[in-house]
Amino acid sequence: MKRLFIAATLATLLAHRAFGQTGIGLADPSTATLYLRDSLSNGAPDTTFSFGAPGWTYFAGDWNGDGTQTIGVYNPSTATFYLRNSNSAGSSDATFTFGSPGWKPIIGDWNDDGTDTIGIVDPTTNTFYLRNSNTAGAPDITFTFGAPGFTPLAGNWDGLGGDGIGLYDPATGTFYLRNSLSSGAPDAVFAFGAPGWKPIPGDWNNDGADTIGVVDPATGTFYLRNSNTAGGADITPFQFGTGSDQPFSFQTIPEPSTLALLLTSIALYGSRRRRRTRDC
Ligand SMILES: [Ca+2]
Ligand SMILES: [Ca+2]
Ligand SMILES: [Ca+2]
Ligand SMILES: [Ca+2]
């Protein structure tokens, strides 16, 4: 009975785990200023700070595996990554080169160990070079995917294992998502948004699966969807920034681990038993 109750509670918690929180960030490429908002709605930034330099490429990742994602930046002229473990101004906690000047950075948990690490895409050949450590060194995974000219993406599209990769064609607003870190056909192909809009993947409903979003650069309006299919926005479209900034998502409150969920279900069982004992 006890085991059954814990299993049922754990299954319910896992199926509806909406405990974490995903925020959105904008980097102003002209001033190297970051604007972070903790909720997916209209409003002012919750955090504003400077990091990096004008013209660099911004993203967020969980560099230290503590469940929250913080800022990183890539200098495309020197192929240098600068990663920081808090969302504040200050020096980088890790600085190293990876790839070649002009290549495009992507971030993901390639080996599903809870820590996000770096990747780089050669835009002339669409070769992906992924590394499982945030240090200089040889890539751990190398493959080609898609056609040059597309924007590379990463995310846990199926909510299983680690992150997969993707491409966004800005000319047509089409996403090409693949769950495996290898060459091959995409697992999902669909259009979302309009040509010229900016892609922003994220786990908007905190269920462990990353899904797509787009930003209209003319208005700064975010359209976020909870499944990797064509359709409308699931979250009421909201405006943040001017549309000229670089958008990215970040986990601001971590999702609980399966162990934490198990402990919660045991605690719930204990409190239910105590209640029943009192009622008798
Ligand atoms: Ca972290
Ligand atoms: Ca990892
Ligand atoms: Ca996956
Ligand atoms: Ca999700």
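Modeller: A residue is called buried if 20 or more other C-beta atoms lie within 10 Å of its own. By that rule, strand S13, residues 164–169, is mostly covered, with five of its six residues buried. Keep in mind that this is a predicted model.

Colleague: What percentage of the 280 residues in the chain is buried?

Modeller: Buried residues come to 36% of the 280.

Colleague: And how many helices and strands does the chain have?

Modeller: There are two helices and 20 strands.

Colleague: Back to S13. Which strands does S13 pair with?

Modeller: Strand S12, residues 151–155, runs antiparallel to S13 and is joined to it by five bridges. Strand S14, residues 174–178, is also antiparallel to S13, again with five bridges.

Colleague: What holds paired strands together in general?

Modeller: Strands of a sheet pair through backbone hydrogen bonds, and the pairing can be parallel or antiparallel.

Colleague: Which residue of S13 is the bridge partner of Leu153?

Modeller: That is Gly166. Toward S14, Tyr168 stands opposite Phe175.

Colleague: How many residues lie between the strands in the hairpin of S13 and S14?

Modeller: Four, and Gly173 in that hairpin takes a positive phi near 70°.

Colleague: Now strand S9. How many of its six residues are buried?

Modeller: Five of the six residues in S9, which spans 117–122, are buried, so the strand is mostly covered. S9 runs antiparallel to strand S8, residues 104–108, with five bridges between them. Four bridges join S9 to strand S10, residues 127–130, and that pair is antiparallel too.

Colleague: Which residues face each other there?

Modeller: Ile106 has Gly119 in S9 as its bridge partner, and Ile120 stands opposite Tyr129 in S10. The hairpin of S9 and S10 has four residues between the strands, and Asn126 has a positive phi near 55°.

Colleague: New topic. What is the order of the open sheet that holds S4?

Modeller: The order is S4-S5-S6-S7, four strands with antiparallel pairing. Strand S4 (57–61) and strand S7 (94–97) stand at the edges with a single partner strand each, so one side of each has no neighbour in the sheet. The twist averages 20° from one strand to the next.

Colleague: How many bridges join S5 to S6?

Modeller: Four bridges join S5, residues 70–75, to S6, residues 80–83, and the two run antiparallel. Asn75 stands opposite Thr80 in S6.

Colleague: And the open sheet with S16, what is its order?

Modeller: That sheet has four strands in the order S16-S17-S18-S19, paired antiparallel. Strand S16 (198–199) and strand S19 (235–239) are at the edges; each has a single partner strand, so one side of each is left without a neighbour in the sheet. S16 and S17, residues 213–216, pair over two bridges, and Lys198 has Val215 in S17 as its bridge partner.

Colleague: Where is Asp210? Is it buried or exposed?

Modeller: Asp210 sits in the loop between S16 and S17. Asp210 counts as buried because it has 25 C-beta neighbours inside 10 Å.

Colleague: Which residues is Asp210 in contact with, leaving aside its neighbours within four places in sequence?

Modeller: Asp210 is in contact with Gly155, Asn156, Trp157, Pro201, Gly202 and Asp203. Trp157 is 53 residues away from Asp210 along the chain, yet their C-alpha atoms are separated by 5.0 Å.

Colleague: Across the chain, what share of contacts with a separation of 6 or more comes from residues 24 or more positions apart?

Modeller: Such residues account for 43% of those contacts.

Methods: Residues numbered from 1 in each chain as written. Chains lettered and ligands numbered in written order. Predicted model: local features only at pLDDT ≥ 70, side-chain atom pairs only at ≥ 80, totals over all residues. Buried ≥ 20, exposed ≤ 12 C-beta atoms within 10 Å, placed from the backbone. Contact = placed C-beta atoms within 7 Å. Pairing = 2+ DSSP bridges. Axes fitted to C-alpha atoms, helices over the stretch in contact; angles between N-to-C directions.
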